Structures are given as structure tokens and as C-alpha cells.
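Here is a short briefing to read alongside the structure. Please have the sequence at hand as you go through the points.

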Amino acid sequence: MDKKDITILAIESSCDETAASVVVNGRTVLSNEISSQIDIHTLYGGVVPEIASRKHIERVNQVIRAALNTAGKTLSGLDAVAVTCGPGLVGALLIGVSAAKALSFGTGLPLIGVHHIEGHISANYISDPDLVPPFVCLVVSGGHTHLVRVKDYGEYEILGRTRDDAAGEAFDKVARAIGLGYPGGPKIDMAARNGDPDAVRFPRGKVEGSAYDFSFSGIKSSVLNYLNECDMKKIPVNVPDVAASFQKAVVEVLTEHAMRAVEEYRFDRLTLAGGVASNSALRASMAEACAKAGVKFSCPPPVLCTDNAAMIGCAAYYEYLKGFRSGYDLNAVPGLQLGESVYR
Ligand code: KG4
Ligand code: ZN
């Protein structure tokens, strides 16, 4: 390995995955350890913040050790320690931030706080070695729906965002309502494969006066109304049909807005990021729309779409190159905005 190579240990604990990864030069992933808490939170139908924090404490050291072992690295073989410092659940974030600070303080390695959404966007650099800014990225996760213009590494302009529910949140709520349970996104994705996407016409959310903002609460409410109506009329609900029809409504809106941005800003590249980016219908719809528009499309494999630490190591690398370092006053910021500099 070249002496000038930069090796970063990254930690992610913003929600219900305890993750650590070793990444070289931002794009070569030597290890990507993810300890998911899904089994525990499934019992409660969603993430319970206090339980998430406690599980992160129990697992963070093991996950970090596993990431170093798999990568064949010791702490002395690292150049920096990176960690997600926001947005996310404050108690969950604090575990990763504290672990990273302790490692940095004990070893003298530089500390780099990373924005979680910047991490999601950066997952694209790992899966597509040729990808360089500028490009447009649709970030669709459990907590965020952003249409982002990536001007340069670490430089973002938010073109559109959700006014109410995030796309993943809508998937999770609808899945719960139709009895599929948690986590809803993958379950709707699976159920929809056996359903008719044209069985029920759910509204396509529009935001008055904004071409790029999203609204998913209307689609979600109309699914709930449909379920109530079926209940009142004693009509059996066809779960795969409802899943496929809901998914089609969401995917259509996401595709339409993203392609509008591609056209208006003349982007020649479109990427996806976040947990919902692993949705098979969304990936297929974007690939088709981009092919039609003559625009290059790429998105990370599902394991890099949902929460992981490799994406944090990638984002941290570009911050490292710019000379950015966090102090030991780095804190967990649950509502951190993309591009906000409070963590710098
Ligand atoms: O990015 P992520 O792992 O965590 C956040 O930063 O929020 O995203 C989690 C979200 C959840 O709402 C989950 O239901 C959704 O991503 N998701 C999916 C799929 N896989 C995960 N949504 C639709 N289809 C999927 N295949
Ligand atoms: Zn995430």
C-alpha cells in the first residue's frame, strides 16, 4: 500500500445500526461491519430511542474491533477517526461520538465529525469509482427526503425537501397499517412484487408553488382512508395490491421531481442515496427515466444505501483532504442540517 494512502476508521450510530468501517482513500472499503438492532425494535413496531442507545453501548467496541480485524489494521495503521455527529437520535449519536473521541484522544489521531446525509450521498463514490461532482442526488431515507445538487465534495445545495413525512417514514407507516410490520420499506418492496400497481389510484403528492419539494402525508392518509373504507364495507384488503399501488405513487413522484431537476439544471448524472434507494421499483424507474433522457444513472448496492459506516469513512476522507478536523468539543447534533457548520 502506498505511503500516502489515507486510512480512516469510521463509526456510525445515528439510529438502529451500530457500524464501523475501515476505508482507504475514501473509496476502497477494507471492512464494513454492521450490527443491526432490527430484531429488537421489531417487537415494538419501530425504533425505541432508549433501547437503541443501550444496544449501541453494548456493541460499539466489538464492532470497532471487528472492523479493524477484518481490515487487518491496528490503531497505529490509521490516519484518522471519523464519526457521524448528526442528524439522528441524540442518545444513539452520542455513543458513536464518545467512542470516536476516546479513540482519537487515546491515540492522537485526528477526529472528523461527519454529517449523516453527506455520508449517504458519498456511498455513491464507493460504488462508482468514476463518479465525481457535479451531479444530482436524490436522498431518500427514514428521516430525510432531499433532492440535492452536489456541486463539489462536501458542497451541497438542497433543491427540494419533504414538507411532511420522509419517503421511508411513509413506507414504514403504510406497512404498519396494512399489517406488514417493521421495517416497512423492504416488506412493501417484497409484497409489491406480487401486486398490481394499478389496482388503487393513490394521489401523487404536490406542493403548491414548489417544483421540487415533496409531500407524502397525503398519499399515506389516502391509504389509511382506503383501508377504513374496506373495513366499513367489509371488503377484504389485497395487501400486495395496496403495497404495489402505494409504492407506485411514491416512486412516480420521486422520479418526476428528480428528472425535472436533471432537465432544468442540465445534469448529466443522477444518483440515489439512503435506505429507500434500495427499493427495487425506485431503482428500476430511475434507471428507465435516465436512459430515456440520455443521463447516466448510478446508485449504491442496497448494503451501502441503508445505514453503514463505510459511507461515513468516504465522506470523511474528502473532509480530511480539505484539512477539516473536529475538536474534542464535537457533539451529537440531532437536527444538524446539510451544509450547516456547527460541527466544524
Ligand atoms: O437510510 P436509512 O437506513 O436510515 C435513515 O437514515 O433513516 O433508511 C431507513 C429507511 C426505513 O424507512 C426503511 O423502511 C427504508 O429506509 N427502506 C426501504 C427499503 N429498504 C429500506 N424503503 C423502501 N424499499 C426498500 N427496499
Ligand atoms: Zn441513514
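The notes below cover the zinc site, the backbone and the pockets.

This is a predicted model, in which local features need pLDDT of at least 70 and side-chain atom pairs count only at pLDDT 80 or more, while totals for chains, interfaces and linings use all residues. Residues are numbered from 1 along each chain as its sequence is written, chains are lettered from A and ligands numbered from 1 in the order in which they are written, and side-chain values use heavy atoms, with hydrogens and water left out.

**Zinc site**

- The zinc ion (ligand 2) has H116 (NE2), H120 (NE2) and D307 (OD) as its protein donors, at 2.0 to 2.1 Å. Donors here are N, O and S atoms within 2.8 Å of the metal (3.2 Å for Na, K and Ca), and sites may look incomplete because water is not among the atoms.
- The site of the zinc ion (ligand 2) is tetrahedral, with angles of 94 to 133° among its four donor atoms. For four donors, that label requires all angles to lie between 85 and 135 degrees.
- As a reference, ideal angles for four tetrahedral donors are 109.5 degrees.
- Along the chain, the donors of the zinc ion (ligand 2) are spaced as H-x3-H-x186-D.
- Helix α4 (residues 116-127) holds both H116 and H120, which sit four residues apart, about one turn of the helix. Helices (H or I, at least four residues) and strands (E, at least two) are DSSP runs, numbered from the N terminus.
- H116 and H120 are both buried. Buried means under 20% relative accessible area, exposed over 50%, and partly exposed in between (1.4 Å probe, protein chains only).

**Backbone features**

- G86 and P87 are joined by a cis peptide bond with omega of about -10°, and P87 lies in the loop between β4 (80-86) and α3 (90-107).
- Another cis peptide bond runs from Y182 to P183, with omega near -5°; P183 is in the loop between α5 (167-177) and α6 (184-192).
- N25 is not a glycine, yet has a positive phi of about 50°. You will find N25 in the loop between β2 (17-24) and β3 (28-36), and it is partly exposed at 25% relative accessibility.
- K234 also has a positive phi, near 60°, and belongs to the loop between α7 (217-232) and α8 (239-265). With a relative accessible area of 71%, K234 is exposed.

**Largest pocket**

- The largest pocket has a volume of about 1100 Å³. Of its 39 lining residues, C15, S141, G142, D172 and Y182 are the closest to its centre.
- A pocket is an open set of points on a 1 Å grid over the protein atoms alone where a 1.4 Å probe fits, with protein on both sides within 12 Å along at least five of seven lines; lining residues have an atom within 4 Å of a point.
- A volume is the space filled by probe spheres set on the grid points, which are joined across faces, edges and corners.
- α5 gives the largest share of the lining of the largest pocket, six residues.
- The largest pocket lies between domain 1 (7-121 + 305-321) and domain 2 (132-300), because both give residues to its lining. Domain bounds come from an automatic or database domain assignment.

**Second largest pocket**

- The second largest pocket has a volume of about 170 Å³.
- Its lining includes R193, K248 and E252, and the largest share, five residues, comes from α8.

How values were computed:
Four donors count as tetrahedral if all angles lie between 85 and 135 degrees; four count as square planar and six as octahedral if opposite donors are over 155 degrees apart and all others between 65 and 115; anything else is irregular.
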